[in-house]
Amino acid sequence: MSTIRIAPSILSANFAKLGEEVRAIDEAGADWIHCDVMDGHFVPNITFGPDVLKAIRPHTKKFFDVHLMIAPVDPYIEAFAKAGADLISFHVEAGAHPHRTLQAIKAQGKKAGIVLNPGTPASAAEPLIGDIDLVLLMTVNPGFGGQSFIHSVVEKIAQVRALIGERPITLEIDGGVTPETAPLCIKAGADTLVAGSAVFKAGPSAYAGNIAAIRQAA
Ligand code: DX5
Ligand code: ZN
């Protein structure tokens with residue numbers, strides 16, 4: 001399928017050279033740049049905050065897809081928006097007031113997405129479906145790159161696709177995406193695939209081939 005979007009996750013990049021890495025995946029054919037923000041509280045790992053996002057922003061014009069794995073979310077939205085996020089997504093499990101969070105993201109003039117953990121049912125997206133630009137379904141438990149794809153989520157991809165219907169909402173998958181698992185996601189109705197280790201493995205000279213391999217397999 002030619003319309004699928006590949007969003008390499010810079011979680012698997014060399015953090016000592018983030019600017020170069022972002023340029024390398026841009027040139028290698030990335031559609032979006034997926035930025036994983038972790039707080040050591042909502043998930044058991046810590047990555048980077050808005051200052052790092054701001055520092056890499058001048059290195060590419062590509063769309064910054066910012067995946068917040070933090071709680072609380074609301075106090076940080078303005079900072080990520082100002083740092084250069086194009087879309088901000090947050091976990092429905094991270095707080096009691098997701099509509100308020102969506103309004104705060106929209107107030108910054110940014111696209112807004114919700115994220116569902118593997119254990120969260122598709123029905124969690126229902127009350128929010130009229131207010132979002134993207135649903136991100138985790139196919140690993142968030143926190144680390146390089147984990148194995150959880151196959152039982154594939155059925156949920158189809159459920160969320162049905163829920164989306166004709167709405168212009170992106171359906172993105174994150175976790176364990178490889179040339180083997182990508183076609184399962186696309187067949188079930190996803191249109192955007194995040195990939196960390198499958199893109200960044202083997203160094204910059206392999207990025208274009210790694211991205212192409214996922215795109216072709218899907
Ligand atoms: C996991 C992150 C993912 C991760 C994917 O918590 O949200 O974006 O980087 O990495 P891979 O593709 O290696 O599973
Ligand atoms: Zn992610």
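View 1. Covering here goes by contact, with C-beta atoms, placed from the backbone, within 7 Å of each other. Helices (H or I, at least four residues) and strands (E, at least two) are DSSP runs, numbered from the N terminus. This is a predicted model: local features need pLDDT of at least 70, side-chain atom pairs count only at pLDDT 80 or more, and totals for chains, interfaces and linings use all residues. Residues are numbered from 1 along each chain as its sequence is written, while chains are lettered from A and ligands numbered from 1 in the order in which they are written.

View 2. Which residues of α5 (154-164) are buried? They are Lys-156, Ile-157 and Val-160. These sit on the same side of α5 because they cover an arc of only 105 degrees around the axis (the arc of directions from the helix axis to the C-beta atoms). Buried means 20 or more other C-beta atoms within 10 Å of the residue's own, exposed means 12 or fewer, and partly exposed lies in between, with C-beta atoms placed from the backbone. Over on the other side of α5, Glu-155 and Ala-162 are exposed.

**View 3. Helix α1 and its buried face.** In α1 (18-27), the buried residues are Glu-21, Val-22, Ala-24 and Ile-25. Looking down the axis of α1, you find them within an arc of 160 degrees, so they line one face of the helix. Their cover includes β1 (5-8), β2, α2 (50-56), α7 and α8 (207-217). Gly-29 follows α1, and its phi is positive too, near 110 degrees.

**View 4. Val-115 in strand β5.** Look for Val-115 in β5, residues 111-116. Val-115 counts as buried because it has 23 C-beta neighbours inside 10 Å. Apart from neighbours within four places in sequence, its contacts are His-67, Ser-89, Phe-90, His-91, Val-92, Leu-136 and Met-138. Ala-195 is 80 residues away along the chain, and the two C-alpha atoms are separated by 16 Å.

**View 5. The shell around ligand 1.** How many residues surround ligand 1? There are 21, the closest being Ser-9, Pro-142, Gly-145, Gly-196 and Ser-197 (a residue is near a molecule if its C-beta atom, placed from the backbone, lies within 6 Å of it). At least two shell residues each come from β2 (32-38), β8 (192-195) and α7 (197-200).

Methods:
Contact = placed C-beta atoms within 7 Å.
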